[in-house]
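Hi everyone, thanks for making time this morning. I'd like to walk you through one structure, with a few stops along the way. Let me put it up on the screen.

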Amino acid sequence: MKKGFDELIAKVNECGMKKVAVSVAQDEAVLEAVQEAKKRGIADAILVGDEAKIREIAASIGMDLAGYEIIDEPDMIQASLKAVKLAHEGKADMYMKGLIDTKNFLKSVLDKEVGLRTGGVLSHVCVFDVPGIDQLLFLTDVAFMTYPTLEDKVNIIKNTLPVANACGLACPKIAPLAAVEVVNPKMPETVEAAELARMNEAGEITGCIIDGPLSLDLAIDPEAAKHKGATDRKIQGDADILLFPDIHAGNLVYKAIVHMVKDVKNGCILTGTKVPVILTSRSDTFETKVNSLALAAVVAEEMKKNA
C-alpha cells in the first residue's frame, strides 16, 4: 500500500513530537506552518529572532505563543547562528529557515563552530505523493547541487537512502535519469548512470537497487516500460528515487509537478547534515512547509535510531 504524507505524520505521532529550531522566526508563513505542526503533533518549536516582531505576527494570525520558547535576537545573522547552535548541541532535532536569505541560512548550516557539517557533501531531496503513481517519489537533487560529478551522485544516493528508509522503504529502487535509456558515449549522463548501476551490482553502493540510464517514462510508468519492451530491466516503471543529471533537469521536473499536477503533495529537506534541515522557499505552500516538517521529523527519528 502506498504511504503518503498522512502516514508519515502518523509515524511521527508514534515516535513522539520532535523539536525544530527556527532561524529568524518572524515570518508569517513559517509561523503558520510551525503552529500547524505543533497542532498535528509533529514538532514543537524554538523560535529565534526578533521577539517583538514574532509576537506581532503571531497576534495577527491568532497564534498562541504560550508554551513556545522564544530567543530574542533582532540581528538576523546572529539569530541564525543561535538557532543552528541549538541543533548542533542536540537541543533541537531539526533546523528550519525563516525570514533569512538562503545564502546566509546556509552559512549558518556550514559554520565550523556551531553548524551542522558532517564531513560529507550536502544535497537536497523532495518527496512527492503524486496521484496516479503507486509509490512515493523521491527527487534529488533539484535545488542544491548544480552539476554533480559521478562522485557527487554517489554521495547524493548515500544522503537520500536514509530519507527513503525513514519513509518505510528498506531497499529503494533508484533511477539515474537521462534523455535515453541506453549508453551513449556522447551523453556523459548515460555513461555515469551505467557506472552507478555497475557499482551497485559490484556491492560498492548498497542498500538499494540502481538501474540506469533510464528515461523518465521508463522510470515511473509501467505501461511505457512494457511498450518499450523493458522486461529485462530492474526498474520497470516502479522507481522510488529519481536521480537527476543536473539541477536544471531536476528543478524543471520539480516545478512541473508542483504547478501542473492537481492534488499533489510534497515535502523537502536538505540532507548530509547533522540533523535534517528544512529549506523551503517563500513560494512553497503552507502544506508543503508542514509536510517538510513531517518529513524532517521521521528522518530525525531514523537518524536517532542509527546514531
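Let's begin with cysteine 167, which counts as buried because its relative accessibility is 4%. Please keep in mind that this is a predicted model.

Is cysteine 208 buried or exposed? It is buried, with a relative accessible area of 7%. Which cysteine sulfur is closest to the sulfur of cysteine 208? That would be the one in cysteine 171, but at 6.4 Å the two are too far apart for a bond. For the disulfide count, sulfur atoms have to lie within 2.5 Å of each other, and the count comes to zero.

Next, helix H6, which runs over residues 150-166. With 17 residues at 1.5 Å a residue, H6 should span 24 Å, and its end C-alpha atoms are 25 Å apart, so the two agree. Buried residues in H6 include Asp152, Lys153, Val154, Ile156 and Ile157. Just after H6 comes glycine 168, with a positive phi of about 100 degrees.

Hold on to Lys153, as we meet that residue again in my last stop, the cavity search. Lys153 is one of the residues lining the largest cavity. How many cavities of 30 Å³ or more turn up in the whole structure? The search finds one, and the largest cavity has a volume of about 30 Å³. Its lining also includes Pro176, Leu177, Phe244 and Pro245. Helix H7, residues 188-201, gives the largest share of that lining, three residues. By type, the lining has seven nonpolar residues, two charged and no polar.

Conventions:
Residues numbered from 1 in each chain as written. Predicted model: local features only at pLDDT ≥ 70, side-chain atom pairs only at ≥ 80, totals over all residues. Heavy atoms only, no water. Helix = DSSP H or I, 4+ residues; strand = E, 2+ residues; numbered from the N terminus. Expected span 1.5 Å × (residues − 1). Buried < 20%, exposed > 50% of the residue type's maximum accessible area, 1.4 Å probe, protein only. 1 Å grid on protein atoms, 1.4 Å probe; cavity = no way out; pocket = protein on both sides within 12 Å on 5 of 7 lines; lining within 4 Å. Points joined across faces, edges and corners; volume = space filled by probe spheres on them. Nonpolar A, V, L, I, M, F, W, Y, C, P; charged D, E, K, R; others polar.
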